[in-house]
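Me: Please take a close look at one part of this structure, the aromatic rings and the strands around them. I am new to it.

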Amino acid sequence: MRVTTKKLYDRLNRVNEMLNASLELNYSSAYGGWQLTSNNGSYVEYHRVSAKEMLALLEGMSAAYLMTLI
């Protein structure tokens with residue numbers, strides 16, 4: 001399964017809406033992939049991982065939020 005930038009940003013937007021947050025994604029191939037940050041990149045929420053790992057993290061955040069509503 002190919003994980004695209006658009007797919008990552010779609011999942012990020014969903015997480016931000018669900019949590020009423022302002023998380024951001026940051027990509028750098030030189031430093032090892034995708035990073036989840038907040039506060040305009042000054043705080044690292046999750047360190048650099050591959051696109052597949054970041055997608056799994058964002059989907060897990062969405063699923064965890066939905067489980068709290070049950």
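Reply: Start with the ring rule: rings of Phe, Tyr and Trp (its six-membered ring) pair if their centres lie within 6.5 Å; planes under 30 degrees apart count as stacked, over 60 as edge-to-face and the rest as tilted. By this rule there are 2 aromatic pairs. This is a predicted model, in which local features need pLDDT of at least 70, side-chain atom pairs need pLDDT 80 or more, and totals for chains, interfaces and linings use all residues. Residues are numbered from 1 along each chain, and side-chain values use heavy atoms, without hydrogens and water.

Take Tyr9 and Trp34. Their ring centres lie 6.2 Å apart and their planes stand at 80°, so this pair is edge-to-face. Tyr9 sits in helix H1 (residues 5-19) and Trp34 in strand S2, so the pair ties together parts 25 residues apart in sequence. Helices (H or I, at least four residues) and strands (E, at least two) are DSSP runs, numbered from the N terminus.

Tyr27 and Trp34 make a tilted pair, with 4.9 Å between centres and 45° between planes.

Now burial: buried means under 20% relative accessible area, exposed over 50%, partly exposed in between (1.4 Å probe, protein chains only). Trp34 is buried, at 8%. Tyr9 is partly exposed, at 33%. Tyr27 is partly exposed too, at 48%. In S2 (residues 33-38), 6 of 6 residues are buried.

Strands pair if DSSP finds at least two bridges between them. S1 (residues 24-28) and S2 run antiparallel, joined by 5 bridges. Tyr27 stands opposite Trp34 there.
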